[in-house]
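Reader: Can you show me the structure before we start? I'm new to this one.
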Amino acid sequence: MIGERLEKLEIKTVKNLRVLDLPTLESHFGRYGLRLYVLSRGIDNSQVVPDRPTKSISVEDTFEHDVSLSETEPMIRRLAEKVWSASRKESRIARTVVLKLKTSQFNILTRSHTPGCPPSSCDELTAIALTLRERVELSTEQRFRLVGIGLSNFREPKATQAQRALFE
């Protein structure tokens, strides 16, 4: 809804927004106009929380040349190793594996999976990521310029173990 109003006013960038005065923004957006006004000027008094729990860990890489889906396996394996290594520094355990692909036309595709038990090794993570790749249903002619692997849905180890016990 707000996006439609911004579009009607031909506001596509923060710079476009910044040229409007407060009364104009309030007339079009009500109380939210004030929020748009201050944010477009870089004013935000929200508290900075530097040590928040990790929500996700991901790595991605762009290919030197666009490649077919079948050619992404070596990169998926390398990225899975990097993500796995980074996740070992976390006290919490990631439950969801995410695969991100960007086509040569810059369209972004994501596939994710939350297994019954979180991946317990780099090999498991890699296997899940490669299985997610199999769920991409595009023409074999489609080329990709980027691949990424991520972990998300972090939980405390005790919560993860308690959930496992429910199914044993």
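Author: At 25% relative accessibility, Asn 153 counts as partly exposed, where buried means under 20% relative accessible area, exposed over 50%, and partly exposed in between (1.4 Å probe, protein chains only). This is a predicted model in which local features need pLDDT of at least 70 and side-chain atom pairs count only at pLDDT 80 or more, while totals for chains, interfaces and linings use all residues. Residues are numbered from 1 along each chain as its sequence is written, and side-chain values use heavy atoms, with hydrogens and water left out.

Reader: Where is Asn 153?

Author: Asn 153 lies in strand β4. Helices (H or I, at least four residues) and strands (E, at least two) are DSSP runs, numbered from the N terminus.

Reader: What about phi of Asn 153?

Author: Phi is near 60° there, a positive value in a residue other than glycine. Glu 10 also has a positive phi, of about 60°, and is not a glycine.

Reader: Is Glu 10 buried or exposed?

Author: Glu 10 is exposed, with a relative accessible area of 63%. Its place is the loop between α1 (2-8) and α2 (14-18).

Reader: Switching topic: at what angle do α5 and α6 pack?

Author: About 140°, with the axes of α5 (residues 73-87) and α6 9 Å apart. Axes are lines fitted to C-alpha atoms, for helices over the stretch in contact, and angles run from 0 to 180 degrees between N-to-C directions. The two helices are therefore oblique to each other; angles under 35 degrees count as roughly parallel, over 145 as roughly antiparallel, 65 to 115 as roughly perpendicular and the rest as oblique.

Reader: Which residues of α5 and α6 meet?

Author: On the α5 side they include Ile 76, Ala 80 and Trp 84, and on the α6 side Leu 125, Ala 129 and Arg 133. Contact means heavy atoms within 4.5 Å.

Reader: And Gln 142, where is that?

Author: Gln 142 sits in the loop between α6 (122-134) and β4 (143-155). With 16% relative accessibility, Gln 142 counts as buried.

Reader: What does Gln 142 contact?

Author: Beyond its neighbours within four places in sequence, Gln 142 is in contact with Val 67, Ser 68, Leu 69, Thr 103, Ser 104 and Gln 105.

Reader: Where is Leu 69?

Author: Leu 69 is in the loop between β1 (56-68) and α5. Not counting residues up to four places away in sequence, Leu 69 touches Leu 101, Arg 133, Val 136, Gln 142 and Phe 144.
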